[in-house]
Amino acid sequence: MMLLPGPSVAWSASSTIVSLIRKSRQMNASTTSPNQTMSMICIIAVSPPGALETQSAEWACAVYSKFFVILARAMRIPVAVRRLIESFEKLPGIGPKTAQRLTFYLLHVPQEQLESFAESLVNLKKNTVLCSICRNVGENDPCSICSDPSRDKGIVMVVEQPLDILALERSGKYKGIYHVLHGVINPLDNIGPDEIFIRELLKRVATDESRISEIILATNPTMEGEATAMYIKKQVVELGNGSSSIRITRLGVGVPTGADLEYADDTTLRYAIEGRREF
Ligand SMILES: [Zn+2]
C-alpha cells in the first residue's frame with residue numbers, strides 16, 4: 001500500500017486530483033456528489049496499485065474508513081473524538097461521514113445531556129430482558145403481554161422485530177400474544193433458520209399445541225419475509241405430521257388506507273386483488 005504523504009498534498013495538487021477524478025469513474029462505486037468524489041480521491045490515494053478496476057463500493061467504504069483513521073492521526077484529531085466516530089460507524093446504516101457529523105454535533109451538546117445519553121446507553125441492556133416465552137424485549141420475564149391474563153394465549157402472531165409489536169399494539173385491534181423472530185431468513189447475509197428464533201417458536205408450538213389455535217405469520221411482505229413465512233408454515237405442518245389443528249394465516253396485504261390506486265405498484269395491486277374480501 002502507498003504511504004499517505006499527508007492531507008495537504010492531496011488537496012493542493014490540482015492536476016493529480018483531476019486525473020484521480022477520471023480514475024474514480026473506472027471504479028464500481030458510484031461517485032456523484034463532490035463530497036463522494038473527494039472521498040474516492042482519498043481512497044485512490046491509499047489504494048494499492050492495480051486494485052482500482054476490480055473493487056466494489058463496500059471495499060471503497062472500508063478503505064475510506066481506514067483512510068479517515070490515518071487522516072485523523074495526521075491531523076491530530078483527539079482520541080476521544082476518533083473513538084466515538086469509530087463506534088458510530090459500527091451501527092447499521094451509518095457510514096463514515098454520518099459518524100463524523102454525529103460526533104462533531106455531540107461536541108456542541110451540553111455535558112448533562114451527554115451524560116444522560118451515556119447513562120441510557122449503559123442501562124440499555126442492563127435494564128432489559130428477552131421474554132423467555134415470546135422473545136420480546138421487556139423489563140420483566142415473562143413480558144407484560146405474555147403475563148397479561150386478558151390476552152388470548154391461543155393466537156400467536158409471529159413478527160420480525162420487537163418494533164413490529166409496538167406498531168401492532170398501537171392499532172389496539174389484536175388481543176393475542178406474539179413471537180419475535182429478531183430477523184428473517186436471508187441467505188445473502190448468511191442468516192439461516194438457526195440464526196433467528198424459529199426453533200424456539202417450533203418448541204413453543206410443540207409444547208403448547210393443545211392451546212394454540214392459530215399462528216398469524218406477520219413477517220414483512222418482502223422476499224425474505226415471504227420466504228421466512230413459507231419456511232415456518234412448512235415446519236409447523238411437519239411438526240403435526242400434516243394433521244395439526246393449528247390454523248396458519250398470513251397478515252393481509254394490499255392497498256394502504258388513503259392511497260391512490262394509480263400510484264400503487266404491480267405487486268401491491270396483485271396482493272390486493274388476491275386478498276379481496278366480501279363487501
Ligand atoms: Zn413475552
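1. In which loop is the place of Asn-190? In this predicted model, Asn-190 belongs to the loop between S4 and H9, and its phi is near 60°, a positive value in a residue other than glycine. Asn-190 has 7 C-beta neighbours inside 10 Å and therefore counts as exposed.

2. A second residue to look at is Arg-135, which is placed in the loop between strand S1 (129-130) and S2. The phi of Arg-135 is near 70°, again a positive value in a residue other than glycine. As background to both points, most residues other than glycine have a negative phi.

3. The loop between strand S2 (137-138) and S3 contains Pro-142, and the peptide bond that joins Asp-141 to Pro-142 is cis, with omega about 0°.

4. For orientation in the whole chain, the protein has 11 helices and 6 strands, and 19% of its 279 residues count as buried. Among the contacts with a separation of 6 or more, 50% are made by residues 24 or more positions apart.

5. The largest nonpolar core has 27 residues, of which Val-158 and Tyr-178 touch the most other members. At least two residues of this core come from each of strand S3 (152-159), strand S4 (176-180), helix H9 (198-207), strand S5 (214-217) and helix H10 (223-239), while S3 provides the largest share, 4 residues.

6. When its neighbours within four places in sequence are left aside, Tyr-178 is in contact with Cys-134, Asn-136 and Ile-145, with Val-156, Met-157 and Val-159, and with Ile-165.

7. Helix H8 (residues 162-171) has 10 residues, of which the number buried is 1, and so this helix lies largely in the open. After H8 comes Gly-172, a residue with a positive phi, near 70°.

8. The cis peptide bond between Asp-141 and Pro-142 can be examined alongside them.

Methods:
Residues numbered from 1 in each chain as written. Predicted model: local features only at pLDDT ≥ 70, side-chain atom pairs only at ≥ 80, totals over all residues. Buried ≥ 20, exposed ≤ 12 C-beta atoms within 10 Å, placed from the backbone. Contact = placed C-beta atoms within 7 Å. Core = buried A, V, L, I, M, F, W, Y, C linked by C-beta atoms within 7 Å.
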